[in-house]
Amino acid sequence: MVSWEIIHKATIYVAEEMGVALKRSAFSPNIRERMDHSCAVVDESGRIVAQAEHIPVHLGSFRVGVNNLLRWLEKENVSLEKGDMVLLNDPYISGTHLNDLMLLAPVYYENRLIGYVVNKAHHVDVGGPVPGSMNPDAKTIYEEGVIIPPIKLVRRGSVDKDLMRLFAENFKSPGIVIGDLSAQIAANLRGIEMILRLVEKYGLGSVQDAWNRSIEYSRELSLREISEWPRGSYYAEDYMELGEKDLVIRATIEISEKEIRVDFTGTSENVYAPINAVYGVTFAATSFAIRSLMREDIAINEGFYSIINVEAPEGTLLNPRKPVPVSGGNVETSQRVVDVIFKALSIALPNRVPAAGSGTMMNVMIGGLRRDGSYWSYYETIGGGTGARPGKHGVSGVHVNMTNTLNTPIEIAERNYPIIYTSYRIREGSSGEGIYRGGDGIVRSFKLVEGVARLSILAERFRRGPWGLWGGGSGKSGRVVIRRASGEVLEMPSKFSIDIYEGDEVIIETPGGGGIGEEFLKISGKAASTTK
């Protein structure tokens, strides 16, 4: 009889292989180059069995989004037949934001439902008034893009061409959206094929037993890990920027033998601005932060997720009520959730928790009309510095925490869009000081070389730099400057939309990470190098 571990590892590989198929088939640089997509395998009851090592904000949200979708299908009396695939992007169901199109397909073996495969991919544009569909000025979700409720994109193996035409007419880059959706379909087909191979090779009973055992084992390891964490209640708060106001995120974390309970009571109420985070994002960021502090090699599936209890009062920034906008909650507020959990747990686990990282994905959306009349739309995120680590300096110029994407190579961006880059370098001196320094941020700048374009930035940490720990200094805050071709220089806020013109230069400076100070030596009880 085959060991359950073999089937368990093979199932993880199914999710990884789905990701490879999606990346290689995609049309947009955001998916093809930056790998802004995620894949998972789900059992027949909706439990996450295996995930690929993709985007943290997608992965944690699968647990919420898949269960929301399955409940929706049951409520609406919609059955999934062999060959069907359900598409949606409604954040209040799928668990992230409109740009993430989620595609779920059932897996049937001998006319019996045995599970599902699912993927999410960030589409560069899903309609709405601004290129990139992440509108910094949105007051409702309807100003962010096209909302897709659960709908069958594929029926019994046939793609609904009318739906494809509908998306092509409402998204600003029709060829790109059709290509990327086709890649998502291909990824699910690959996943189904590989799961059926597993079943044919080892038998359905063995596969299902292995999936159950892998979930049980993940839970056992997770509970064993937290059994070594100090019992108690830990509190911290941090802030989001909205104009001149600060919105608070408060977390109380209780560690017990059976679970880690995270209560966000006291967090600011939801706002009519795009920085609300739906519950799926809140759960994803919370589970990511907790998993990052675990030392065991624990598979991320329902077993791990089951030990985390997240309470976010409805109507707050971290569990908003429809129709408030949520595009930035996925990419910015998620980062702050990680920061506040790390800050709270720095008291419990001082030898594991880093200082704050850059704290922003620094989202750049730009697009416009070419001279030939065609429309272009481009999206990228820019990395920064990680926080100093206990015993080590931070890392410079990387994507931090909830992103995990690659960068967009300059050559790819310049080949596909009417922009030319004028700099791409480490932002030296932007890290927080201490016996262990934070990592430095990035300077990335470009000029528009054709026509007029609409530029939107959705970012954070412009007023407060990422915090240090144990007396360490804060990292430098973010900054965006526009140098007009006329010579005018504009200092921009963290969230804005503006027209730029041929010859205008956009200069973006991302935050460095916070440092760790000398107090750490007393707290940790360990000798440490003070080499700088």
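Colleague: Is Glu 509 buried or exposed?
Modeller: This is a predicted model. Glu 509 has a relative accessible area of 16%. Buried means under 20%, so Glu 509 is buried.

Colleague: How many residues separate Arg 479 and Glu 509?
Modeller: Arg 479 is in strand S17, residues 479-483. Glu 509 is in strand S20, residues 505-509. The pair links distant parts of the chain, and the separation is 30 residues.

Colleague: Which class of accessibility does Arg 479 fall in?
Modeller: The relative accessibility of Arg 479 is 33%.

Colleague: How many salt bridges does a search of the whole structure find?
Modeller: The pair of Arg 479 and Glu 509 forms a salt bridge. The search of the whole structure gives a total of 35.

Colleague: Which residue forms a salt bridge with Arg 63, and how many residues apart are they?
Modeller: The closest N and O atoms are 2.9 Å apart, and the partner is Glu 302. Arg 63 is in helix H3 (residues 56-75), and Glu 302 is in helix H9 (residues 302-305). This pair links distant parts of the chain, with a separation of 239 residues.

Colleague: Why does Glu 302 count as buried?
Modeller: The limit for buried is under 20%. Glu 302 is buried because its relative accessible area is 14%.

Colleague: Which parts of the chain does the salt bridge of Arg 371 and Glu 450 tie together?
Modeller: The closest N and O atoms of Arg 371 and Glu 450 are 3.5 Å apart. The residues are 79 apart in sequence, so the pair ties together two loops: one between strand S12 (363-369) and strand S13 (375-381), the other between strand S15 (441-448) and strand S16 (452-458).

Colleague: Which backbone nitrogen does the side chain of Glu 450 reach?
Modeller: Glu 450 touches Leu 369, Arg 370, Arg 371, Pro 418 and Glu 502, leaving aside residues up to four places away in sequence. The side chain reaches one backbone nitrogen at 2.7 Å, that of Arg 371.

Colleague: Lys 120 is buried yet has no salt bridge. What is the nearest side chain of opposite charge?
Modeller: Lys 120 lies in strand S5, residues 112-122. The distance to that side chain is 5.4 Å, and a salt bridge needs one within 4 Å. The side chain is that of Asp 100.

Colleague: Which residues does the side chain of Lys 120 reach by polar contacts?
Modeller: At 2.9 Å it reaches the backbone oxygen of Ser 94. At 3.3 Å a polar contact joins it to the side chain of Thr 96.

Colleague: Are the rings of Phe 167 and Phe 171 stacked or edge-to-face?
Modeller: The whole structure holds 8 aromatic pairs. In this one the ring centres are 5.7 Å apart, and the planes lie at 20°. Stacked needs planes under 30 degrees apart, so the pair is stacked.

Colleague: Which ring has the charged end of Arg 464 over it?
Modeller: Arg 444 lies over the face of Tyr 424, 4.4 Å from the ring centre. The charged end of Arg 464 is 4.5 Å from the centre of its ring, that of Tyr 239.

How values were computed: Residues numbered from 1 in each chain as written. Predicted model: local features only at pLDDT ≥ 70, side-chain atom pairs only at ≥ 80, totals over all residues. Heavy atoms only, no water. Phe/Tyr/Trp six-rings, centres within 6.5 Å; stacked < 30°, edge-to-face > 60°. Lys NZ or Arg CZ within 6 Å of the ring centre and 35° of its normal. Helix = DSSP H or I, 4+ residues; strand = E, 2+ residues; numbered from the N terminus. Buried < 20%, exposed > 50% of the residue type's maximum accessible area, 1.4 Å probe, protein only. Lys, Arg positive; Asp, Glu negative; His and termini not counted. Polar contact = N/O pair within 3.5 Å; in protein donor to acceptor, adjacent residues only side chain to side chain. Contact = heavy atoms within 4.5 Å.
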